[in-house]
Amino acid sequence: MRMLNFAEDEHMKQLEPLAEEFYDRILRPDEDPGFVSDEASVLDLSLAPEEQLIEKISAYYGKPVSRFDLRRPFWSFLTDLNAERTPGPKP
């Protein structure tokens with residue numbers, strides 16, 4: 001029997017509450033990821049168009065977001081989104 005080797009997820013484990021908030025507020029309900037490695041980017045988590053993701057993330061987190069940000073490791077991007085955060089609109 002072969003064992004699957006997953007990428008590391010130490011950073012993501014530390015950011016679990018922040019990641020759950022992102023999944024709930026930004027991703028579509030059918031995009032709730034089961035496992036996110038430290039190598040994953042936002043574009044690995046969502047099939048939404050980049051412009052839609054940029055608009056939604058910027059509005060919720062109150063910070064400018066670029067196409068480059070969507071390609072960064074999600075854990076790093078998520079950390080920056082939550083640094084000195086301006087709360088987003090409540091649903």
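Two residues are in contact when they have heavy atoms within 4.5 Å of each other. This is a predicted model, in which local features need pLDDT of at least 70 and side-chain atom pairs count only at pLDDT 80 or more, while totals for chains, interfaces and linings use all residues. Residues are numbered from 1 along each chain as its sequence is written, and side-chain values use heavy atoms, with hydrogens and water left out.

The predictor's confidence in each residue is its pLDDT, from 0 to 100. The protein averages 88, and 87% of the residues score at least 70.

The protein has six helices and zero strands. Both are DSSP runs numbered from the N terminus: helices are H or I with at least four residues, strands E with at least two. Of the 91 residues, 41% count as buried, that is, under 20% relative accessible area with a 1.4 Å probe and protein chains only; over 50% is exposed, and partly exposed lies in between.

A nonpolar core is a set of buried Ala, Val, Leu, Ile, Met, Phe, Trp, Tyr and Cys residues joined through side-chain atoms within 4.5 Å. The largest one here has 23 residues, of which Phe-22, Tyr-23, Val-42, Ile-57, Tyr-61 and Phe-74 touch the most other members. Two or more residues come from each of H2 (16-25), H3 (42-45), H4 (50-61) and H6 (74-82). H4 gives the largest share, five residues.

Helix H4 has 12 residues and spans 16 Å from first C-alpha to last, close to the 16 Å expected at 1.5 Å a residue; the expected span is 1.5 Å times one less than the number of residues. Its buried residues are Glu-50, Leu-53, Ile-54, Ile-57, Tyr-60 and Tyr-61. Seen down the helix axis, the buried residues of H4 fall within an arc of 150°, so they line one face; the arc is that of the directions from the axis to the C-beta atoms. Their cover includes H2, H3, H5 and H6. Just after H4, Gly-62 has a positive phi of about 70°.

Beyond its neighbours within four places in sequence, Phe-74 is in contact with residues including Met-12, Phe-22, Tyr-23, Val-42 and Leu-45.

Rings of Phe, Tyr and Trp (its six-membered ring) pair if their centres lie within 6.5 Å; planes under 30 degrees apart are stacked, over 60 edge-to-face, and the rest tilted. The structure holds four aromatic pairs. One of them, Tyr-60 with Tyr-61, is edge-to-face, at 5.0 Å centre to centre and 80° between the planes. Ring pairs link Phe-22, Tyr-23, Tyr-60, Tyr-61 and Phe-74 into a cluster.
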